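Look at the model below before reading on. The paragraphs after it go through a few local features, one at a time.

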Amino acid sequence: MLMKIVVCDDCVEDLQYIEGLLQKYTKSASSAGLVVDKYIDAATLYDRIQEGERAEIYILDMIMAERTGIDIGSLIRKARGDSVIIYITSSDDYALEAYGVHAVRYLLKPVSEESFFEAMDSALSSLKGRRRLMFIVKTKAGTVGVPYSEIEYIENYSRTLSISLADGEHIRSIFIRKSFDEEIREIAGDKSFVQVHKSFLINMEYVKKLDQGEVVMDSGKHIPVSKTRAADVKKAYLLFLSECYR
């Protein structure tokens, strides 16, 4: 199966250098099926994503004219939650912003072949893991499998599961006979998820901000964090962030 990689950098020399690293990586890792699209104009890439074009992996410069790497990363997260983002930039001033779009790596120029290959290994591993994991939901229309990576949060709503997806879609289960804790037991064990309240399980990939008493999701949804879980939620979120940027 073909896998699309988009590289965007407004410096021609850097764009060519990254393309060369990708060619070496494809040969050394036997990663057949990688298709590379290059953009020197960040605004053009931004427009293409808005129009519905998608890629599995995005390798982005951070500081570009008209649209920054964070602008593009934020749009990618809204458009397709399971795409992987790698930043390669000349400044470490934007590492905190990169946390917000959950990039798998933040590399400083000039990037070494070793660190680039490691970042690509991590990106491919992340994609493979996300594709395998599915949350099975029984709905009135039948049984539905929802990729973990597309779930923003799950709510226990009047004895049903309300699954909110990153693209704005909502899936409602039929009446659940087990407790909410039992229904979400398997997915709650995934490192990207944490139960913040007796009625809410969130995907930390889509957390915009963790405040006292609540968490704000990328969709703008404010989800309560119970007092009894607050310390554990904060610890889980910090651990999640640290693992993203090892």
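Predicted model: local features only at pLDDT ≥ 70, side-chain atom pairs only at ≥ 80, totals over all residues.

Residues are numbered from 1 along each chain as its sequence is written, and side-chain values use heavy atoms, with hydrogens and water left out.

The sheet comes first here. Helices (H or I, at least four residues) and strands (E, at least two) are DSSP runs, numbered from the N terminus. Two strands count as paired if DSSP finds at least two bridges between them. Three strands make up an open sheet in the order β13-β14-β15, with antiparallel pairing. The edges are taken by β13 (207-211) and β15 (222-224); each has a single partner strand, so one side of each is left without a neighbour in the sheet. From one strand to the next, the twist averages 20°; for such angles, axes are lines fitted to C-alpha atoms, for helices over the stretch in contact, and angles run from 0 to 180 degrees between N-to-C directions. In general, strands of a sheet pair through backbone hydrogen bonds, either parallel or antiparallel. Strand β14 (residues 214-217) runs antiparallel to β15 and is joined to β15 by three bridges. Here E214 stands opposite P224 of β15.

The backbone has some spots to look at in the loops. E66, in the loop between β3 (57-60) and α3 (69-79), has a phi near 70°, a positive value in a residue other than glycine. H102 also has a positive phi, near 55°, and is likewise a residue other than glycine; H102 lies in the loop between α4 (95-100) and β5. Are these residues buried or exposed? The terms rest on relative accessible area: buried means under 20%, exposed over 50%, and partly exposed in between (1.4 Å probe, protein chains only). E66 is exposed, at 70%, whereas H102 is buried, at 2%. Another loop, between β5 (105-108) and α5 (113-132), holds P110. The peptide bond leading from K109 to P110 is cis, with omega near -5°.

E53 belongs to the loop between α2 (42-50) and β3, and K4 to strand β1 (residues 3-8), so the pair ties together parts 49 residues apart in sequence. E53 is partly exposed, with 32% relative accessibility.

The salt bridge of K109 is with D14, and the closest N and O atoms are 2.8 Å apart. Because D14 lies in helix α1 (residues 12-28) and K109 in the loop between β5 and α5, this pair ties together parts that are 95 residues apart in sequence. Both partners are partly exposed, D14 at 24% and K109 at 23%.

Helix α1 also contains K24, and helix α5 contains E113, so their pair ties together parts 89 residues apart in sequence. In this salt bridge the closest N and O atoms are 3.5 Å apart. K24 is partly exposed at 47%, and E113 is partly exposed at 36%. Finally, salt bridges with shared partners join D9, D14, D61 and K109 into one network.

Methods. Salt bridge = Lys/Arg side-chain N within 4 Å of Asp/Glu carboxyl O.
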